[in-house]
Structures are given as C-alpha cells and as structure tokens.
Amino acid sequence: MPNTKSETELLSEIKKLTDSSDIDRFIVRLPFPKQIDMRKVVIAVDTNKNISGFHPINFRKMALDLSTFIPAIFFGILELMDGYRIVSQEKHPVVNRSFS
C-alpha cells in the first residue's frame, strides 16, 4: 500500500485479509508512515494469521516457549544456526527491530 493510506484504510485492508478464507497468513511490514499507529495495526492482525509474530499473544507464546507459529525470519535464523551447528546456549543473541 502507498504511504499515503490512512490508518482507517489500512485497518480495513487487514480486516479483509483476516476475514478471507482464501488467506492463511499474512505479514504487515514495518515501519509505518507517521499517520498510522503501529500498536493499533499489530493488535488488528488475527493471531492465527500473524506470520510476523508481532501480535502480543503470539509474542508472549514464543517468550513462554508455548506452541505457536514461529515467524519465518526467526525460523530461518534457527535453521541456519542448526545447519552450521552453532550452539546458542550460554550466548546472548540479539535481533534488531528497527522502527525508524
């Protein structure tokens, strides 16, 4: 969507995607233009269709190591680490979330 879309228009599009039985999952890319409140958008995404893992419920499930969908980027990182036999115990990995 172009940066000129309003928050209302974006939320309407998210509702359409959420309500569509043809859509299994979708991602809302960050950052948002100034006129859009990121928190409203993140909450509007259905937890069952949230591929990014940003929704507080999905994020909480991941943090508590409960069964949930693992976001593609994080899953890819885990697969790379596994493929290169990188052990993460006793290390402090950092994932950068840029909201510029």
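**View 1. Asn50 and the residues it touches.** Skipping residues up to four places away in sequence, Asn50 touches Phe26, Val45, His55, Asn58 and Phe69, where contact means heavy atoms within 4.5 Å. This is a predicted model, so local features need pLDDT of at least 70, side-chain atom pairs count only at pLDDT 80 or more, and totals for chains, interfaces and linings use all residues. Residues are numbered from 1 along each chain as its sequence is written, and side-chain values use heavy atoms, leaving out hydrogens and water. Asn50 sits in the loop between helix 2 (38–44) and helix 3 (56–63); helices are DSSP runs (H or I, at least four residues), numbered from the N terminus. With a relative accessible area of 3%, Asn50 is buried (under 20% relative accessible area, using a 1.4 Å probe and protein chains only).

View 2. You'll find Phe26 in the loop between helix 1 (7–19) and helix 2. Why does Phe26 count as buried? Because its relative accessibility is 9%. Phe26 and Asn50 are 24 residues apart in sequence, yet their C-alpha atoms are 6.1 Å apart in space.

**View 3. The largest nonpolar core.** Phe26 turns up here too, among 8 residues that include Leu10, Ile14 and Val45. Such a core is a set of buried Ala, Val, Leu, Ile, Met, Phe, Trp, Tyr and Cys residues joined through side-chain atoms within 4.5 Å. Setting aside neighbours within four places in sequence, Ile14 is in contact with Phe26, Val28, Val41, Ala44 and Val45.

Definitions and conventions. Buried < 20%, exposed > 50% of the residue type's maximum accessible area, 1.4 Å probe, protein only. Helix = DSSP H or I, 4+ residues; strand = E, 2+ residues; numbered from the N terminus.
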